[in-house]
Amino acid sequence: MTTTVRVVRQKTHRVLPAIRLRFDVWLLLSVAALLVFGLMMVYDTTFDLGLLVQDNPLHYFQRQLVAAGLGITGCIILMQFDYHILRRFSVLVMIVTLASLTFLLFFGESNFGATRGLLENSYQPSELAKLATIMYIAHWISSKGERIKDLTYGLLAFSVITGVVCFLIVQQPALSTAGLVALISFTLFFVAGAEWKQLAIVGGVGGSIFVFLMLTLPHAAARVGAWREVLRDPNQAVWQVRQALIALGSGGFWGVGLGEGVQKFGPLPAAHTDGVFAIIGEELGLVGCLVVIALLLFMTWRGLRIARKARDNYGFLLALGITVWLAYQALMNIAVITATIPFTGVPLPFISYGGTSMLISLLGIGILLNISRDEALAGRASMPQPVKNG
Amino acid sequence: MDPLTGKRIIILGLARQGKALARFAAAVGASVVVSDLRSPEKLAGVLQELSDCEIEFVLGDHPLSLLDGADVLAISGGVSLEMPLIQEAIKRGITLTNDSQEFMRRCTAESIGITGSAGKTTTTALTGVMSQMAGRRTWVGGNIGRPLIADLDKMGEEDVVVQELSSFQLEIWQQSPHIAAVLNITPNHLDRHKTMAAYVDAKANILRFQAEDDVAILSADDPGARSMSSLVKGRMRLFSTRYPVKEGAFVHAGQIWLRNGKDQVVCTLDEIRLRGPHNVANVLAATLLADSAGIPLEAIRKAITNFGGVEHRMELVDTVNGVQYINDSIATAPERVLAALSSYHEPLILLAGGRDKNMVWDEWVRQVKSRCKAVVLFGELAEMLAERLAASRGPLAAGISLPTANRQPPTAQIVRVNTLVEAVNAAANLSISGDIVLLSPGGTSYDAFTDFEERGNLFRELVKGLGDQET
């Protein structure tokens, strides 16, 4: 990276004991609810697969539990510091991300036409890329201040950062993940107060590249074509979406009952990962789906609230970035399952089976909870104002 | 010289298979005795056909004296090993055999054998089509169609033989095909095999006698089939609709993959012309069988995208006024109906009925209620099924019909009629464009027909009649 990054070092990042536990309990509760619900669904959708593959019905559940445990541990560690310490690591995390994405392209384990994972697929760098990009852009924009309105400092640098990350992800290929990263970056750029001309250029160019890739990458083009058919007749949906719709439809209002679904036993591929929302619809019905959506909405609202109450621009952008990342991703997942957008594989945060996704999402929540303590900080008039960064 | 030359062979049963074996044995110089419980009058036609062969007939009974001086006893699939005559033969050390076993002993072509509790016929037929698509001369038979022993002399080493093998046939086998597949094992035919262990044991003969250069193909999703992996002596290949297996065929990300050192996409799930999730497993099995026999991927793909099914097995008869009529007359048990129900996502009008063989209908009631917009009941079962449906609470669901622009919400109802003719007419009146009328009776055909084929053929004619009325 050629961009200069000014890192303001502080002497200490210890958290004042008085506000140590003054984080947003509601966010914690909503995520905990999603997590417990998700673990339940992981067991529900994998017990027989675990039995088939590993002779252990708890195999996948245990792996997910370990990932959740690691994520929670990560959260607790993060909570020991003031989140501004993360500024020191923005560049490092970005370098690790870019390095692992690059490494992946050359040495990754190719699985079914795409190269997305390392270490027997247990680590997927593109998941880290989401959080790394948010951390980096929040740090970078907040340190630039008004200068992001400048064409060279703002637009060009922004495009290079986002462009490189997205380029590497598209190479896997994982177009939708790249699109998600671009969308999060764009949101941050937008709320940071970029000029409308810049937004128009970024949006226009980025959007054009995305549409171009979507229509030219063979598997993406096929999915878009199939999706256009679906708009006319849902019966023409691609297999996964059709089976997902069958699951949602057979669930009806109350669902067929937890554990009673049949779509997970083969008909719906990836029922425990990207397709889990359909199984929730089948077994717990519209009610179950609405509960999950309500929890996700509530989590998003708390996240946005935390962003608004953050004590500086960095906290604001970081909180906002993490919140929109999880919200966009959930929205994309549910939109795919309901055939609202072309088919693509995106996990549902905290619910889909997947270690890296779970771990990184929980780290994101850890950072959000950390930022949520700013509200308590602001309430204490006698407190010295924290050092302004950038 | 043939192993049977000069031997005295007793053939029980003068049906399709017995007839073919008798003709073959006589031709290779065995001394052939055929015994059938039916009288000479009833068998006059068959006797006439075999009049050119030197065969001794014992009709109307199977006397124990048949076994005197016999070397080999050939039995047909329908006969139980518990029968006193067979028990006596085993005691005397007489070799048991059947036509498919005798064929396997002499077959020099590439031999493929398929067994399982469900999906055998479809997989066998599809594998045959794959082989044909590759330009190989292909013989499909076994449990279905013409007994292959009749064509033995016409087969060459480059030909491909695909056999569907039932547990009855395999029970007495002492030889396994070069490529063998076990699709699944669920409790079935327990009236005949007595225990599940005996049933599994019989099926296992398809790979028990294989050598190191043979190939065994097993379902990774089915615990019964998978449990046979300990018996595999040659190369083992698995197929799974659930997860990527180490070596074999599987579904991943909406595509069928063939893994054989490297990963290759065979086709997407949407390209499979056969309907229903259960057929995906059959496609995977056929793909592996064909690949093991050296059939190129291109031919495999072409067969999958073109093969539309076997007669009377979820066979699309015709589309009249936008309504698809499906003939699944083979469905003589509720489980088969469930497989059919899960194969369609359109609004369903189910034609159900026939004669019951004391089956369990609970899941049928549940699935019919959640998936069908209407049920037309006919035959002996109609009354019982109507009561069962009425007894379970709630109306029929609107099915899983997805809202499309100009479709009215379907009206749920149960209609009772007497005959299949009335049933088809009732269904035609109930249906609107976009629906599927599915004949998947769940009961046997013996209340009004000789067999399921006659029932299916009548259904076809009735549907053709509907089409003619419209034009």
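**Chain A, overall**

I looked up burial in chain A first: 51% of its 390 residues are buried. A residue counts as buried if 20 or more other C-beta atoms lie within 10 Å of its own, as exposed if 12 or fewer do, and as partly exposed in between, with C-beta atoms placed from the backbone. The model is predicted; local features need pLDDT of at least 70, side-chain atom pairs count only at pLDDT 80 or more, and totals for chains, interfaces and linings use all residues. Residues are numbered from 1 along each chain as its sequence is written, and chains are lettered from A and ligands numbered from 1 in the order in which they are written.

I then read the secondary structure of chain A, which comes to 12 helices and 2 strands. Helices (H or I, at least four residues) and strands (E, at least two) are DSSP runs, numbered from the N terminus. Along the sequence the pattern is α-α-α-β-β-α-α-α-α-α-α-α-α-α. Of the contacts in chain A between residues at least 6 apart in sequence, 74% join residues at least 24 apart. Two residues are in contact if their C-beta atoms, placed from the backbone, lie within 7 Å.

**Chain A, domains**

I find chain A divided into domain 1 (24–80 + 234–378) and domain 2 (82–216); such bounds come from an automatic or database domain assignment. The C-alpha centres of domain 1 and domain 2 of chain A lie 22 Å apart. Their contact takes 24 residues from domain 1 of chain A and 26 residues from domain 2 of chain A. On the domain 1 side, helix H11 (313–337) and helix H12 (355–379) of chain A each supply at least two residues. H11(A) gives the most to that side, with 13 residues. By class, the side of domain 1 of chain A that touches domain 2 has 14 nonpolar, 10 polar and no charged residues. Ala, Val, Leu, Ile, Met, Phe, Trp, Tyr, Cys and Pro count as nonpolar, Asp, Glu, Lys and Arg as charged, and the others, Gly among them, as polar.

I checked helix H6 (residues 175–191) of chain A against H7(A): they pack at an angle of about 175°, with their axes 11 Å apart. Axes are lines fitted to C-alpha atoms, for helices over the stretch in contact, and angles run from 0 to 180 degrees between N-to-C directions. Angles under 35 degrees count as roughly parallel, over 145 as roughly antiparallel, 65 to 115 as roughly perpendicular and the rest as oblique. H6(A) and H7(A) are therefore roughly antiparallel. Among the residues in this contact are Phe186(A) and Phe190(A) of H6(A), and Gly203(A) and Gly206(A) of H7(A). The contact has 10 nonpolar, 3 polar and no charged residues.

Next I took helix H7 (residues 196–216) and helix H8 (residues 218–232) of chain A, whose axes come within 5 Å and cross at roughly 90°. H7(A) and H8(A) are therefore roughly perpendicular. Leu213(A), Met214(A), Leu215(A) and Thr216(A) of H7(A) meet Ala220(A), Ala221(A) and Val224(A) of H8(A). That contact has 6 nonpolar, 1 polar and no charged residues.

**Chain A, backbone**

I noted a cis peptide bond from Gln172(A) to Pro173(A), with omega near -5°. Pro173(A) lies in the loop between helix H5 (151–170) and H6 of chain A. Asp55(A) is not a glycine, yet its phi is positive, near 60°. Asp55(A) sits in the loop between helix H1 (25–54) and helix H2 (59–78) of chain A. With 8 other C-beta atoms within 10 Å, Asp55(A) is exposed.

**Chain B**

I looked up the interface: 20 residues of chain B are in contact with 18 residues of chain A. The chain B side divides into 9 nonpolar, 6 polar and 5 charged residues.

Chain B is assigned domain 1 (8–97), domain 2 (100–306) and domain 3 (315–470). The C-alpha centres of domain 2 and domain 3 of chain B are separated by 31 Å, and 4 residues of domain 2 of chain B are in contact with 4 residues of domain 3 of chain B.

I also checked His312(B), which has a positive phi of about 65° although it is not a glycine. His312(B) lies in the loop between helix H11 (297–306) and strand S15 (315–320) of chain B. His312(B) counts as buried, with 22 C-beta neighbours inside 10 Å.
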